Amino acid sequence: MKKLLYTVIAAMPFCGSSLLMTSCDDLFDTKSPSSMDDSNIFSIYDLAEGTIKNIYIYYGEQNYRARYLPWYGYNTDIEWYSSSEQVGDGKADLAVYKVSSNNSQMNLADGKEPWSNIYQGIEKANLAIQGLRTYADLTDKNMAHLYGEALTMRAMAYVDLINAWGDVPARFEPTTTETMYAARTDKDVIYKQLIKDLQEAENMVAWPNEMDATTTVERINKAFVKGLLARVCLQASGYSLRSDGNSSLSSDPELAKSVLYPIALQACKDVMAEEGKYVALKTNFEDIFIDNCRDIIKAGSESLWEIPYNNEPTARGRQVYTFGLRHETADVIVNYKQSGGQAGPTPFFFFDYSQKDKRRDVTCVPYKWNKGVQELNSIDKWYFGKLRYEWMNRYIESTDDGINKQYMRYADIVLMRAELENELNGPASAAPYLKQIRQRAFDQADWNTEVDQYVAAVQGNKDAMFDAIVQERALEFCGEFVRKADLIRWNLLKTKLDEAKAKMYRLRDLQGEYAELSGHLYYKMEDYTWTRNGASNTIEDGSLVTYGLNRDEQNINPAGYTEYTNSSGETKTWISSSQLKDEKIEAIYAQDPVKYMYWPIFQVNLNANPELKNYSWYN
């Protein structure tokens with residue numbers, strides 16, 4: 001059973017964001033309601049640990065788990081909201097770069113939106129950091145770990161804010177009457193503080209399994225902190241939208257690649273030096289996500305840190321409900337109608353994988369569950385397969401599934417190192433790390449062509465290696481929503497979205513790289529067997545077997561198969577302009593994705609803080 005981290009410590013000093021609070025007396029009362037003062041709380045490990053666990057609570061609030069996580073991260077070239085064409089409904093607007101400050105999903109009163117929720121977590125972290133700095137014995141490894149954990153969680157909160165809104169108010173001290181209203185701060189200033197904080201934290205926290213607190217991936221550990229440091233360095237030294245409306249690199253010399261890339265590379269090297277001891281790549285790609293769905297949280301493997309959700313008695317978190325394989329109706333696998341499938345891979349992305357790549361069928365699924373059996377979708381609606389109710393040991397009966405959000409995997413460290421080595425030391429230095437990720441993706445019998453020859457073709461040219469890494473990160477992390485931040489820092493957001501549109505047009509016309517496909521898709525049914533809590537279960541004729549998805553499956557009307565029929569029961573050619581329409585393709589973005597890469601600050605937050613203003617182009 002996962003450890004429940006949502007323990008509210010009644011005796012802990014607590015303060016929410018000024019944007020949430022209605023009482024200034026409540027806001028500025030940082031004293032404990034018990035007889036203990038801060039010197040007692042932050043000098044006693046068990047009590048100090050309670051203040052850290054209190055920070056975690058904001059991840060479980062509906063404002064974050066059901067507002068931020070389901071909506072940040074798409075549309076990209078590989079991931080999109082399944083109903084992107086419904087521009088104007090509030091939901092699609094969040095995905096297609098057309099969101100307004102009055103968005104119906106986010107402009108919610110009483111602090112029911114993610115901005116206030118995240119700042120509430122930052123305020124808790126600020127109080128804990130101040131208390132631990134002032135009263136804790138930071139030479140004690142356990143107290144030092146708590147301090148590093150608080151620094152890291154605050155950094156993560158700011159990464160979320162910057163990714164969604166760009167420049168945001170910087171609050172690195174507990175709020176006072178003088179600071180309760182703050183204007184936006186240039187994100188470069190925030191990034192510099194985050195890098196300092198993470199460099200301090202990496203020396204404070206323990207490696208996975210090095211102490212009791214790091215035996216699970218639900219608590220911060222050194223491998224994750226170093227990985228987050230590398231990620232922040234890459235973002236801070238990369239491109240992003242500036243207050244003048246243009247995407248550019250920072251002009252701050254402290255954020256130059258020549259300064260930050262060596263820091264990031266060393267962080268990746270530090271983690272990879274511990275491979276096999278504190279971290280490891282899973283041997284089988286699919287097992288990463290089966291473990292996630294089965295609440296396996298032991299530290300020391302692929303997953304470096306996960307947002308922890310309670311799995312009983314009432315599950316929280318909506319990862320499978322939002323991004324899991326779609327169940328159109330309640331069935332024997334999940335007793336909740338219309339679960340999963342809010343987003344999925346773009347229609348062409350399945351075909352970007354090599355046919356032999358074992359990641360393909362885990363990531364991209366062309367069917368949904370309907371009335372207890374698998375049913376083919378049209379070409380314009382694929383689902384992610386990395387999260388599946390059928391892999392869970394728990395039977396879910398609500399929107400909340402309790403599955404943790406995997407925040408970072410070890411594979412990210414390996415591919416960041418490849419990118420950094422390529423930039424600093426050349427493509428030959430990057431090649432071993434690209435090769436390491438591809439080796440897992442293919443059977444060893446295919447390594448000569450799919451790994452060795454593939455890597456050899458790019459290791460002599462820096463640009464070719466960079467392009468290969470850009471593609472490998474897509475193949476590895478599709479459906480995990482790290483792509484948007486990657487594309488932004490590479491200055492490739494609109495370029496890749498336009499490429500995605502062009503690919504969809506070529507796909508539906510069976511041109512270019514898709515000319516070998518027949519366009520027809522056939523299926524037959526066989527029994528489906530799955531395991532829950534060690535017990536085997538079977539659905540007769542519940543599982544689809546397809547023919548026509550692979551380039552070597554060219555036969556028309558193969559024996560024993562039935563051709564795809566649409567929702568009206570009409571036999572249709574699966575890949576065609578009628579199945580993948582112009583309006584669907586064009587809906588991947590509705591406004592310039594570069595100028596509108598960030599959400600506007602929502603009106604309720606503007607109203608609460610007179611110092612806040614949106615970028616001028618949102619007015």
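A residue is called buried here when its relative accessible area is under 20%. Strand β7 pairs with β8 (residues 373-376) in the antiparallel sense, over four bridges, and K368 sits opposite E375 of β8. Two residues lie between the strands of this hairpin, where K371 takes a positive phi near 55°.

As for confidence, the protein chain averages a pLDDT of 92, with 94% of the residues scoring at least 70. Where pLDDT is low, the predicted coordinates should not be read in detail.

Another sheet is open and has three strands, in the order β12-β11-β13 with antiparallel pairing. Strands β12 (535-547) and β13 (562-563) are at the edges with a single partner strand each, so one side of each has no neighbour in the sheet. Strand β11 (residues 522-532) is joined to β13 by two bridges, and Y523 has T562 of β13 as its bridge partner. Over in β12, D541 has a positive phi near 50°, despite being a residue other than glycine. D541 is partly exposed, at a relative accessible area of 46%.

Turning to the helices, α19 (residues 493-508) runs for 16 residues and spans 23 Å from its first C-alpha to its last, close to the 22 Å expected. Its buried residues are L493, K496, L497, A500, K501, K503, M504, L507 and R508. Seen down the axis of α19, these fall within an arc of 160°, so they line one face of the helix. Among the elements covering them are β1 (79-81), α17 (462-477), α18 (483-490) and α20 (582-586). Just after α19 comes L510, with a positive phi of about 55°.

The peptide bond from Y74 to N75 is cis, with omega near 10°, and N75 belongs to the loop between α4 (62-68) and β1. In the loop between α5 (91-95) and α6 (114-135) is D110, which has a positive phi near 60° though it is not a glycine. D110 counts as exposed because its relative accessibility is 67%.

Definitions and conventions: Residues numbered from 1 in each chain as written. Predicted model: local features only at pLDDT ≥ 70, side-chain atom pairs only at ≥ 80, totals over all residues. Heavy atoms only, no water. pLDDT = per-residue confidence, 0-100. Pairing = 2+ DSSP bridges. Expected span 1.5 Å × (residues − 1). Buried < 20%, exposed > 50% of the residue type's maximum accessible area, 1.4 Å probe, protein only. Arc of directions from axis to C-beta. Contact = heavy atoms within 4.5 Å.
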